[in-house]
Amino acid sequence: MKLPVLKAASLIGVMLLATTACAQPSTTDMTNKTASQTSQNTQAIGTVSKSVDSRLRQLLTQAGIKTQITSIVPSKLPNMYQVNLAEQLPLHITKDGKYVIQGELQKNPSKRVVTKVAPRSNRAQIGKPVSASVKSAILANMDALKNMSAKTPFFYTAVPGVIWGATLEGVPFLLSDDAQYITDSEISVIENGQFIGLDETFEKQKNQSVFATLDDKQLINYPATSPERAVIYVATDVNCPYCRRLHQQLPS
C-alpha cells in the first residue's frame, strides 16, 4: 500500500482556474451573444445531415433523454455536435454517439496568441499528458485566466481535440485544444444504447499516467505482509483526523 505525502508541487496541487475569468457579462453583451449564437446556429444547421440528426435523436431518446431536442448543430468542441434541449443545458456528442458532455461552453476571454492548432490526438494517446508543445500553446491562449501555470495538468481524452484539465481543488474541466471554449463537465459514455457513466478507459489511463510520475521516495509505503496482489494509492491529509486514524490502524 502506498500513501502519497501531499506536496505543493504535486498533481493535486494544480493551479486554480479563476472564477473571475468566467464572470457574468453585461446585459448588452448577453443580448449580443445570444443574437450571435442564434445566427451561428442558424447558419450551422445546414451542415448537419438529416441522417446524422435523425440518428443522434434516436440514440439519445433510446438512452433515456426525455427532454425535447430543439436542434442539433455543430459544437464549438472539436469532433462533436451540440444537442440543444428545451430548458436544459445542451449536450455535446460525437458523431458515433459514444461520447457525451453536458454543459454550457464558456468562451475563453484570453487573447488568442497561438493560432495554429497542433495535430489532433489518436486512440493511443487517450489518458496521456498532452505534449509539451500543446501544453505551451494552451497556456499561451489562457493568459487572462488567473493562476494558470505549468503545474496545471492537461490530458488527451477519447475525443480528438477535446482536452481534460483540473483545478487546484480537483474540479475537472474540458476545453477545446485551441483553448477557446471551456466547460466544467466530464465525458460520459453511451454503450449499447445506454448511459454507462464516465469514460472509464480514459480515467484508468489518466490515473496510470499520474502514478507513473510519483517518486517512491516521497511516498509512505506499507508493503504487503503476504504475497502482494495489488497496490493501492491513497492521498491523505495530515490535518485530517480520519487520515491520521487510518495511519494508526494500518498495522492491524
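Colleague: Asp178: buried or exposed?
Modeller: Asp178 is buried, at 18% relative accessible area. Buried means under 20%, exposed over 50%, and partly exposed in between (1.4 Å probe, protein chains only). This is a predicted model, where local features need pLDDT of at least 70, side-chain atom pairs count only at pLDDT 80 or more, and totals for chains, interfaces and linings use all residues. Residues are numbered from 1 along each chain as its sequence is written, and side-chain values use heavy atoms, with hydrogens and water left out.

Colleague: Which side chain meets Asp178 in a salt bridge?
Modeller: Arg112, at 4.0 Å, N to O. A salt bridge here is a side-chain nitrogen of Lys or Arg within 4 Å of a carboxyl oxygen of Asp or Glu. Arg112 is partly exposed, at 31%.

Colleague: What does Arg120 pair with?
Modeller: Arg120 forms a salt bridge with Asp177, with the closest N and O atoms 2.5 Å apart. Arg120 sits in the loop between E6 and H3 and Asp177 in the loop between E9 and E10, so the pair ties together parts 57 residues apart in sequence. Helices (H or I, at least four residues) and strands (E, at least two) are DSSP runs, numbered from the N terminus.

Colleague: New topic. How many residues of strand E8 are buried?
Modeller: 5 of the 5, residues 162–166, so E8 is largely enclosed by the rest of the structure.

Colleague: Which strand pairs with E8 over 5 bridges?
Modeller: E9, residues 172–176, in the antiparallel sense. Pairing needs at least two DSSP bridges between the strands. Gly165 has Phe173 as its bridge partner in E9.
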